[in-house]
Amino acid sequence: MAHKVINYLVKDISEIIEGCLKNDRRSQFMLYDYCFDGMMGICMRYEKDETRALEVLNGAFIKVLKNLDSFDSSLSFKPWCNRLTVNEAIDKYREKTRRREIFDEDKEELENFSGSAESQATLDWEEAEYLQNLLENLKESEKTVFNLFAIDGYSHKEIAAVLGITERSSIRHLTNARKKLQEMLPQKEFGTKKA
């Protein structure tokens, strides 16, 4: 699905926001266009299906419009918008999980987990896309926790609160996700040169 990008001659995003606060349809469309790529990127991390991701995006955009009056214009707009998008993705995830049980506390042993800063390397674009493809092979619960922790920067306490699970479950899902991702990654040899 291709999103048609329309270029507008606008000096500042604040002009678009002002128009949205006045319920101007053109300004709302301009804001949607301005936010689309970033929001869709977030939604695709949480939803495998592009149609479902677009549903999450549209729900998030409605929340953006409804909450624009609470946006502090001294702050950057995109991080605020991205946070609302992540929250919408979490809400949709919780709706799905209410219908079935994915978190079984007693089935698995909790493994020791150490989330050191050294283990969280910065990814370049190609690595990030490759990782996204690997994430599609994880259970939904593992993928969601991994996204929240490793990509969106939530703590296990925050993840537990937003998903309605325990911190132990959050740690377990992250540990399982990392283990599976490591198994899927090809082994690379670093610093070995043939003489």
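Reader: Let's start with Leu135. Which helix is Leu135 found in?

Author: Leu135 belongs to helix α5, which covers residues 125–135. Keep in mind that this is a predicted model.

Reader: What makes Leu135 count as buried?

Author: Buried means under 20% relative accessible area. Leu135 comes in at 0%, so Leu135 counts as buried.

Reader: Which residues is Leu135 in contact with, leaving aside neighbours within four places in sequence?

Author: Those are Lys143, Phe146, Asn147, Ile151 and Leu181. Contact here asks for heavy atoms within 4.5 Å. There's also Lys180: Leu135 and Lys180 are 45 residues apart in sequence, with their C-alpha atoms 9.3 Å apart in space.

Reader: Is Lys180 buried, exposed or partly exposed, and how do you know?

Author: Lys180, found in helix α8, has a relative accessible area of 29%. Buried needs under 20% and exposed needs over 50%, so 29% makes Lys180 partly exposed. Not counting residues up to four places away in sequence, Lys180 touches Leu138, Lys139 and Glu142. Take Glu142: Lys180 and Glu142 are 38 residues apart in sequence and 9.7 Å apart from C-alpha to C-alpha.

Reader: Now α8 and α7. Why are α7 and α8 called roughly perpendicular?

Author: The axes of α7 (residues 156–163) and α8 (residues 167–184) come within 8 Å and cross at roughly 105°. Angles of 65 to 115 degrees count as roughly perpendicular, and therefore α7 and α8 get that name. On the α7 side the contact is made by His156, Lys157, Ile159 and Ala160, and on the α8 side by Glu167, Ser170, Ile171 and Leu174. Sorted by class, that contact has four nonpolar, two polar and two charged residues.

Reader: Where is Ser155, and what makes Ser155 partly exposed?

Author: Ser155 is in the loop between α6 (140–151) and α7. Ser155 and Val145 are ten residues apart in sequence and 10.0 Å apart in space, C-alpha to C-alpha.

Reader: On to the rings. How many aromatic pairs does a search of the whole structure find?

Author: Six. One of them is Tyr32 with Phe36.

Reader: Why is the pair of Tyr32 and Phe36 called tilted?

Author: First, the centres have to lie within 6.5 Å for a pair, and here they are 5.8 Å apart. Next come the planes: under 30 degrees counts as stacked and over 60 as edge-to-face, with the rest called tilted. The planes of Tyr32 and Phe36 are at 50°, which is tilted. The two residues are four apart in helix α2 (residues 25–46), so they are separated by about one helical turn. Tyr32 is buried at 18% relative accessible area, and Phe36 is buried at 6%.

Reader: What makes the pair of Phe71 and Phe77 edge-to-face?

Author: Their ring centres are 5.3 Å apart and their planes are at 85°. Over 60 degrees counts as edge-to-face, so that's the name for Phe71 and Phe77. Both Phe71 and Phe77 are buried. Ring pairs also link Tyr34, Phe71, Phe77 and Trp80 into a cluster.

Reader: How do you know that the charged end of Lys78 sits over the ring of Tyr34?

Author: One part of the test asks for a distance within 6 Å of the ring centre. The charged end of Lys78 is 4.6 Å from the centre of the Tyr34 ring. The test also has a limit on direction, within 35 degrees of the ring normal, and Lys78 is listed as sitting over the ring.

Notes: Residues numbered from 1 in each chain as written. Predicted model: local features only at pLDDT ≥ 70, side-chain atom pairs only at ≥ 80, totals over all residues. Heavy atoms only, no water. Axes fitted to C-alpha atoms, helices over the stretch in contact; angles between N-to-C directions. Parallel < 35°, antiparallel > 145°, perpendicular 65-115°, else oblique. Nonpolar A, V, L, I, M, F, W, Y, C, P; charged D, E, K, R; others polar. Buried < 20%, exposed > 50% of the residue type's maximum accessible area, 1.4 Å probe, protein only.
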